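This briefing is organised by topic and is intended to be read alongside the sequence and the coordinates.

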There are 2 protein chains.
Amino acid sequence: MIIDKLYKAVEEKGHVCVGLDTDLDYIPKQFSDKFNSIEDKLFNFNKEIIDATEDVASCFKVQIAYYESYGIQGLLAYKRTLEYLREKNNIIIADVKRGDIAKTAEMYAKAHFTGEFESDFMTINPYMGMDSIEPFMPYLKNNEKGLFVLVRTSNKGASDFETIQNKEGKFVHDIVGEKIESLGKDAMGECGYSAIGGVIGCTEAEDGIRIRKELKNTFFLIPGYGAQGGGAKEAAIYLKDGNGGVVNSSRGILLAYKKVENGEENFALHARNEAIEMRDAIRKCSKERI
Amino acid sequence: MIIDKLYKAVEEKGHVCVGLDTDLDYIPKQFSDKFNSIEDKLFNFNKEIIDATEDVASCFKVQIAYYESYGIQGLLAYKRTLEYLREKNNIIIADVKRGDIAKTAEMYAKAHFTGEFESDFMTINPYMGMDSIEPFMPYLKNNEKGLFVLVRTSNKGASDFETIQNKEGKFVHDIVGEKIESLGKDAMGECGYSAIGGVIGCTEAEDGIRIRKELKNTFFLIPGYGAQGGGAKEAAIYLKDGNGGVVNSSRGILLAYKKVENGEENFALHARNEAIEMRDAIRKCSKERI
């Protein structure tokens, strides 16, 4: 199953998930000027980042919002980025946060698990309920695909609805977690995790310890490293036995060149160095915890 | 504000929102065979439906999942459908159910409120909290745009998370409703509704009466007519003074031709007749309620 492939990639390359949230403004001018179209600018920047980081990153998360914002040209760059990642046998998380029911959910599965926008994992928003997740199950069982369902995010607004407590004191995100942990039993990998992962923000340590304990079979996608305030220590809380999750950094890696004088010229190298530093920091913290 | 335009359209044309959830399988073979590309097939089918229904429909909802599932060709058809709707001054609801925070939310706003995929309203998933809604506010105030936020849906899974009750007995969807009603006060139209509408499924009558009473300023997008089990009576519960909401039907209208012998030939006319029947049924029920 795809989750075994991801588990193995974490063992070999570490926990870093490189987030390709690529905005035109992030691309150094000198490099951007080499290309005429938005499609070529976005794709070639991504290609450089992929080439420079793929041996130190277990997977890549591509945030479709950035590409959608450039219309068809942006989506052509999205498509080519996914194709390039697949060609090089990298694991792709399509960060699309789709959530809908019945035939619409089936169409989203078709859109992001087959054809031009094929990815390995897609992110899912569970608000509408389990029938917005179940339509993806055939792809998990038969097509080597996986999901990351939003459970507990690290933004301020997470306290609006995710942390509403029911009469027994359970948080909404706990109930989401329980249900995906349970559904995941139908899609277990050999590594001990299911193909239904959870998105768990990495800034709330207290919640993290409890969630990691309760969701034994659930592999975590942990955003919020760097730019959103979380660090290696926080991220490590969500890892189990040094595996069990990947940690995403987008701007932290893509814009690493901005921290270096005249860094634009070697932006991909600086991205690589940042990814290595992040990988080592998380490995160190997660070993300290074991 | 855009909500005033929609309110006026409901006054003039009725409550029907035509759902362009267009699957290749829905297009009559004889018509489909006239065109070579997926893009042309999807767009031209939509064009016929739009031409046949625009004088009896207050707005059109375009479900992007269907188009995404056909890759770039599908999204070209999506883009052309939106362009055609805009050209003819029809109100567009982009049913994208996006939900993300910070810069990603800004990118989704840019994607669906400007440029090639420009629409008038977009649907939003509130799971991550109010900071996944607030980034759209500048577009509501300055660009004549609007939102429909998922509140209470009519699918079976709505009972998984939306109807979790907090310690005071309030449902999650009530809390979502309250917060969007309150945020909406910053984007009120002259018609008495705000530019932040709510998606409210139309099969739960009891909830409907209460929700309509509590969310005074919130205009409703009511899906679930026909195919999903709701009828004119149920829909009317969610309307106030004969306005206050639009009722979506997708397959019911697009596939109306299947109920008629040899209906394929005049599929657009059958779609029109279905929309008129639906319009009249809802008008009748909503007048009975006033």
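Lys88(A) counts as partly exposed, at 31% relative accessibility. The model in which this residue is described is a predicted one.

**Salt bridges within chain A**
- The side chain of Lys88(A) meets that of Asp51(A) in a salt bridge, at 2.7 Å from N to O.
- Asp51(A) belongs to helix α3 and Lys88(A) to the loop between α5 and β3 of chain A, so the pair ties together parts that are 37 residues apart in sequence.
- Asp51(A) is also partly exposed, with a relative accessible area of 32%.
- A network of salt bridges links Lys47(A), Asp51(A), Glu54(A) and Lys88(A).

**Salt bridges within chain B**
- Arg98(B) and Glu68(B) form a salt bridge through their side chains (2.8 Å, N to O).
- This pair links distant parts of the chain, with Arg98(B) in strand β3 and Glu68(B) in helix α4, 30 residues apart.
- Arg98(B) is buried at a relative accessible area of 1%, and Glu68(B) is buried at 3%.
- Glu214(B) and Arg210(B) meet in a salt bridge at 3.4 Å, N to O; both lie in helix α9 of chain B, four residues apart, about one turn of the helix.
- Glu214(B) is partly exposed at 44%, as is Arg210(B) at 26%.

**Strand β2 of chain B**
- Five of the five residues of β2(B), residues 59-63, are buried, so the strand is largely enclosed by the rest of the structure.
- Cys59(B), Lys61(B) and Gln63(B) cover one side of β2(B), and Phe60(B) and Val62(B) the other.
- β2(B) pairs with β1 of chain B in the parallel sense over three bridges, and Cys17(B) stands opposite Cys59(B).
- β2(B) also runs parallel to β3(B), joined by four bridges; here Phe60(B) stands opposite Ile92(B).

**Interface of chain A and chain B**
- The contact takes 58 residues from chain B and 58 residues from chain A.
- About 5100 Å² is buried between the chains, and carbon and sulfur atoms give 61% of this area.
- On the side of chain B, Ile72(B), Tyr127(B) and Phe161(B) lose the most area to chain A, together 17% of what that side buries.
- Eight salt bridges are found across the interface; one of them joins Asp100(A) and Lys97(B) at 2.7 Å, N to O.
- There are 31 residue pairs in polar contact between the two chains.
- α6(B) gives the most to the side of chain B that touches chain A, with seven residues.
- That side has 26 nonpolar, 16 polar and 16 charged residues.

Definitions and conventions: Residues are numbered from 1 along each chain as its sequence is written. Chains are lettered from A and ligands numbered from 1 in the order in which they are written. This is a predicted model: local features need pLDDT of at least 70, side-chain atom pairs count only at pLDDT 80 or more; totals for chains, interfaces and linings use all residues. Side-chain values use heavy atoms; hydrogens and water are left out. Contact means heavy atoms within 4.5 Å. Buried area is the accessible area (1.4 Å probe) that two parts lose on being put together, summed over both. A salt bridge is a side-chain nitrogen of Lys or Arg within 4 Å of a carboxyl oxygen of Asp or Glu. A polar contact is a pair of N or O atoms within 3.5 Å; within protein, one must be able to donate a hydrogen and the other to accept it, and residues adjacent in sequence count only if both atoms are side-chain atoms. Helices (H or I, at least four residues) and strands (E, at least two) are DSSP runs, numbered from the N terminus. Ala, Val, Leu, Ile, Met, Phe, Trp, Tyr, Cys and Pro count as nonpolar, Asp, Glu, Lys and Arg as charged, and the others, Gly among them, as polar. Buried means under 20% relative accessible area, exposed over 50%, partly exposed in between (1.4 Å probe, protein chains only). Two strands pair if DSSP finds at least two bridges between them.
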